[in-house]
Amino acid sequence: MKIPFKFKDVHNCEAVVLTCIDFRFWRETLEFVEKELNLSTFDFPSLPGSAKAVNECAGDEELAMQCIGVPCNLHHAKKIVIVNHEDCGAYGGSKKFETRGEEQAFHESELKKAKERILKNFPDKEVILIYAKLDEEKENVEFLTVV
Ligand SMILES: [Zn+2]
């Protein structure tokens, strides 16, 4: 099988999007990033729990920080997008929380913590935090920007 390569002699990308490995969310995350954030070139690392991996990183040489560092240093990415999602198994899933509001608030604080950590290493980057939330019927994924 041969597939056309679109990036001959291109070494820079606009962003890095760190997301969870969860098969239920990554395709939808990709669609959101392309359609809503209007990004077309980005590195797309995935680690269990996304922000969790960053927050539990002991040192800057660890995998989660490299997932951000390589895109920033090698591909000159200017934006860093971190996506956490509802019912994330890496955090113990929705069952760990009394309410969905509590779960959302927890993920928002995790995302903010990861942002602080990342800004220490990359103070000039724009960090965008996203929470992927399911609607009441669990039929749609809604991507919320966390500020
Ligand atoms: Zn997850």
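**Entry 1. Helix α1**

I began with the inward side of α1 and found that its buried residues pack against β1, β2, β3, β4 and β5. The residues concerned are T29, F32 and V33. I looked down the axis of α1 and noted that these buried residues fall within an arc of 95°, so they line one face of the helix. On the face of α1 turned away from the buried side I found the exposed residues R27, E31 and K35. I record here that the model is a predicted one.

**Entry 2. Overall layout**

I next went through the secondary structure of the chain, which comes to four helices and five strands. Read along the sequence, these elements follow the pattern β-α-β-α-α-β-α-β-β. For the dimensions, I noted that the C-alpha trace spans about 50 × 35 × 30 Å along its principal axes. I then compared the radius of gyration with the expectation for a compact globule: for 147 residues that expectation is near 15 Å, and the chain has 15 Å, which agrees. Buried residues account for 31% of the 147 residues. I also looked up the contacts between residues at least 6 apart in sequence, and 73% of them join residues at least 24 apart.

**Entry 3. The sheet**

In what order do the five strands form the sheet? I read the order as β2-β1-β3-β4-β5, in an open sheet with mixed pairing. The edges are taken by β2 (42-43) and β5 (141-146), each with a single partner strand, so one side of each is left without a neighbour in the sheet.

I noted F42 in β2 as the bridge partner of A15.

Is β1 covered on one face or on both? I found both faces covered, with A15 and V17 buried on one side and V16 and L18 buried on the other.

Leaving aside its neighbours within four places in sequence, A15 is in contact with L39, F42, A77, K78, K79, I80 and V81.

The largest nonpolar core has 32 residues. Those with the most contacts inside this core are A15, V16, V17, I80, V81, I82 and I130. Two or more residues each come from β1 (15-18), α1, α2 (51-55), α3, β3, α4 and β4. I noted that β4 gives the most, with five residues.

**Entry 4. Helix α3**

I listed the buried residues of α3 as A64, C67, I68, P71 and C72. They cover an arc of only 115° around the axis, which puts them on the same side of α3. On the other side of the helix, L63 and N73 are exposed. What covers the buried residues of α3 includes β1, β2, α2, β3 and α4.

N38 has a positive phi of about 55° although it is not a glycine. I located N38 in the loop between α1 (26-35) and β2. N38 counts as exposed because it has 8 C-beta neighbours inside 10 Å, the limit for exposure being 12 or fewer.

H76 likewise is not a glycine and has a positive phi of about 55°. H76 lies in the loop between α3 (63-73) and β3. With 11 C-beta neighbours inside 10 Å, H76 also counts as exposed.

Last, I looked at H11, in the segment before β1. H11 has 8 other C-beta atoms within 10 Å and is therefore exposed. I also took the separation of the C-alpha atoms of H11 and L47, which are 36 residues apart along the chain, and it is 23 Å.

Methods
Residues are numbered from 1 along each chain as its sequence is written. This is a predicted model: local features need pLDDT of at least 70, side-chain atom pairs count only at pLDDT 80 or more; totals for chains, interfaces and linings use all residues. The radius of gyration is taken over C-alpha atoms; the globule rule is 2.2 Å times the number of residues to the power 0.38. A residue is buried if 20 or more other C-beta atoms lie within 10 Å of its own, exposed if 12 or fewer, and partly exposed in between; C-beta atoms are placed from the backbone. Two residues are in contact if their C-beta atoms, placed from the backbone, lie within 7 Å. Two strands pair if DSSP finds at least two bridges between them. A nonpolar core is a set of buried Ala, Val, Leu, Ile, Met, Phe, Trp, Tyr and Cys residues joined through C-beta atoms within 7 Å. The arc is that of the directions from the helix axis to the C-beta atoms.
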